[in-house]
Amino acid sequence: MTAKVGVVVFPGSNCEHDVVEAVDAIGGCGELLWHKDIHLGDVDAVVLPGGFAHGDYLRTGAMARFSPIMDAVARFARKGGPVVGICNGFQILTEAQLLPGALYKNRGLKFLCQPAELRVESTDSVLTRGLAEGDQLNIPINHFEGNYICSEETLAELRDNNRIVLTYGENPNGATADIAGICNESGNVVGLMPHPERAAHPLLGSTDGALLLEGLISGG
Amino acid sequence: MSQTFDVAVEVSLREGIADPEGLTIERALPALGFSGVSGVRVGKSLRFMVEAPDEAEARKQVEAMCERLLANPVIEDVAIAVNKVS
């Protein structure tokens, strides 16, 4: 059975078609969901894509968190459904408190759009379950607010429970502990700043992103 | 009877969190001849009116707004000022 991946479109999202394309290319079926929907339908996984949801007004993700679909996303996540937030989607997941911490302006105040070398730190997440700890991935980043910030307690909790999913080889944005991606306690909710959908075809220079997305459609 | 209150919310980055904007401004000022400036922090200010029976209730409402939307407690602190509009 083909896994159906719902990709939520907020006003201002701009990576949704890339995610659908990448999911389709690896044998899944991407389907766009509108942020005002109150049901997710029969999707097997949900992606909150990159972009500038609701113009990023007030703070990145602050308004998107109150989009009607987010209640359904939270319920789906609580039942163990795979939910992945990419870039702006990661920011939305932290604002929605489905993931701890926050994302703040890059150290250096530069908008970064470049390839990033990543290291897989944990395979206890829906994105990395098909990979091995220590695997190196080359996946682009594209953000102004990707500097992951959390309290000492949160950082300890993330470390102790193997919830740091991906780290940067060279920290581009000042993120705490070089964090590029984290997950929730059960590993079904993942947020990451890099864009796997932009590294999912040989023409894009890397197919490492497909390795992550495959985790979404491979089932539990 | 409800009254109108003028509300000012100042949202600032929590202490200890590096503020790259503040740092950039702090470095720029000496170049313009303003010496002796330190501790620059950049935040944002929100102004609005609130209808409430009294000041305590108005403040309570604003605190709830801050908690739910206006600020992110992971990285931000708020200072709230509530003044009755005469």
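How many helices and strands does the secondary structure of chain B come to? I worked on a predicted model, and for chain B I counted two helices and three strands, which follow one another along the sequence in the pattern β-α-β-α-β.

Next I looked up the overall form of chain B. Its radius of gyration is 17 Å, whereas a compact globule of 86 residues would have one near 12 Å. Along the principal axes I noted that the C-alpha trace of chain B spans about 55 × 30 × 15 Å. Buried residues make up 14% of the 86 residues in this chain. Among the contacts in chain B with a separation of 6 or more, I found that 70% come from residues 24 or more positions apart.

I then turned to the strands of chain B. Strand 1 (residues 3–13) pairs with strand 2 of chain B in the antiparallel sense, over nine bridges, and V7(B) has F48(B) in strand 2 as its bridge partner. Strand 2 (residues 44–52) of chain B lies largely in the open, because the number buried among its nine residues is zero.

For chain A I looked up the sheet. I recorded an open sheet of nine strands with mixed pairing, in the order 2-1-3-4-11-10-9-6-7; its edge strands, strand 2 (29–34) and strand 7 (136–143) of chain A, each pair on one side only. Neighbouring strands of this sheet are turned by 25° against each other on average, direction ignored.

Within chain A I also checked strand 9 (residues 164–168) and strand 10 (residues 179–183), which run antiparallel and are joined by three bridges; here L166(A) stands opposite G181(A) in strand 10.

Note on methods:
Residues numbered from 1 in each chain as written. Chains lettered and ligands numbered in written order. Predicted model: local features only at pLDDT ≥ 70, side-chain atom pairs only at ≥ 80, totals over all residues. Pairing = 2+ DSSP bridges. Helix = DSSP H or I, 4+ residues; strand = E, 2+ residues; numbered from the N terminus. Axes fitted to C-alpha atoms, helices over the stretch in contact; angles between N-to-C directions. Buried ≥ 20, exposed ≤ 12 C-beta atoms within 10 Å, placed from the backbone. Rg over C-alpha atoms; globule rule 2.2 N^0.38 Å. Contact = placed C-beta atoms within 7 Å.
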